[in-house]
Amino acid sequence: YANVSNVLDDIRLAFDEREHKTTALLKRMDYWISRDVLFIDELDKVNGTDWARERLHQLLDQRYTRAIREEALTVIASNQSDDELDGYLKSRLNDNRLGPVVYLNGTDGRQRMPKGITH
């Protein structure tokens, strides 16, 4: 499980390296791409910079490729409908080979939790 912002922050750490930034970037991208199961939360909260969009595109494209090969599973959570996503991502999320897009339209679960529950 990872919040999409945390994934991008982790990838950005490659640029803190004094040398071999490209190698560090590839290693960090490979870490997220190579997970057998990855749950990415809050896709709709990603910063819309060119850098973030490019990294996210690379990550999701590789995850999609692995899913088609039945090598990995990626679950994506977002508060946006797929109509609000770019055409690239919408097309891949709606690929019938990958399974259904499930819409949950309930009330906010955090608001329904009884008071005093800490975990």
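A residue is called buried when its relative accessible area is under 20%, exposed when that area is over 50%, and partly exposed in between, as judged with a 1.4 Å probe on protein chains only. By this scale Arg66 is buried, with a relative accessible area of 14%.

The model described here is predicted, and local features need a pLDDT of at least 70, side-chain atom pairs count only at pLDDT 80 or more, and totals for chains, interfaces and linings use all residues. Residues are numbered from 1 along each chain as its sequence is written, and side-chain values use heavy atoms, with hydrogens and water left out.

**The nonpolar core**

A nonpolar core is a set of buried Ala, Val, Leu, Ile, Met, Phe, Trp, Tyr and Cys residues that are joined through side-chain atoms within 4.5 Å. The largest such core has 19 residues, and those with the most contacts inside it are Trp32, Leu43, Leu59 and Leu60. Two or more residues of this core come from each of α1 (4–12), α2 (21–34), β2 (37–41), α3 (50–68) and α4 (87–93), where helices (H or I, at least four residues) and strands (E, at least two) are DSSP runs numbered from the N terminus. The element that gives the most to this core is α2, with five residues. Leaving aside residues up to four places away in sequence, Leu59 touches Val7, Met29, Trp32, Ile33 and Ile40, a contact being heavy atoms within 4.5 Å.

**Two pockets**

Pockets are found on a 1 Å grid over the protein atoms alone, as open sets of points where a 1.4 Å probe fits, with protein on both sides within 12 Å along at least five of seven lines, and lining residues have an atom within 4 Å of a point. The largest pocket holds about 1300 Å³ of space, and of its 41 lining residues the closest to its centre are Val75, Ile76, Ala77, Ser78 and Val102. Its lining takes at least two residues from each of β2, α3, β3 (73–76), α4 and α5 (109–112), with the largest share, five residues, coming from α3. By class, this lining has 21 nonpolar, 10 polar and 10 charged residues.

The second largest pocket has a volume of about 290 Å³, and of the 14 residues that line it, Val46, Arg53, Leu56, Asp86 and Leu89 are the closest to its centre. Here too α3 supplies the largest share of the lining, namely four residues, and the classes are seven nonpolar, three polar and four charged residues.

**Salt bridges**

Side chains of opposite charge can pair when their charged atoms come close. A salt bridge is counted when a side-chain nitrogen of Lys or Arg lies within 4 Å of a carboxyl oxygen of Asp or Glu, and the structure holds nine of them, including those in the table.

| Lys45 | Asp44 | 3.1 Å |

Because Asp61 lies in helix α3 and Arg92 in helix α4, their pair ties together parts that are 31 residues apart in sequence. Asp61 is partly exposed at 22% relative accessibility, and Arg92 is partly exposed at 24%. Lys45, at 45%, also counts as partly exposed. In the remaining pair of the table, Glu71 is partly exposed at 39%, whereas Arg66 is buried. Arg66 and Glu71 are linked with Asp36 in a network of salt bridges.

Definitions and conventions. Points joined across faces, edges and corners; volume = space filled by probe spheres on them. Nonpolar A, V, L, I, M, F, W, Y, C, P; charged D, E, K, R; others polar.
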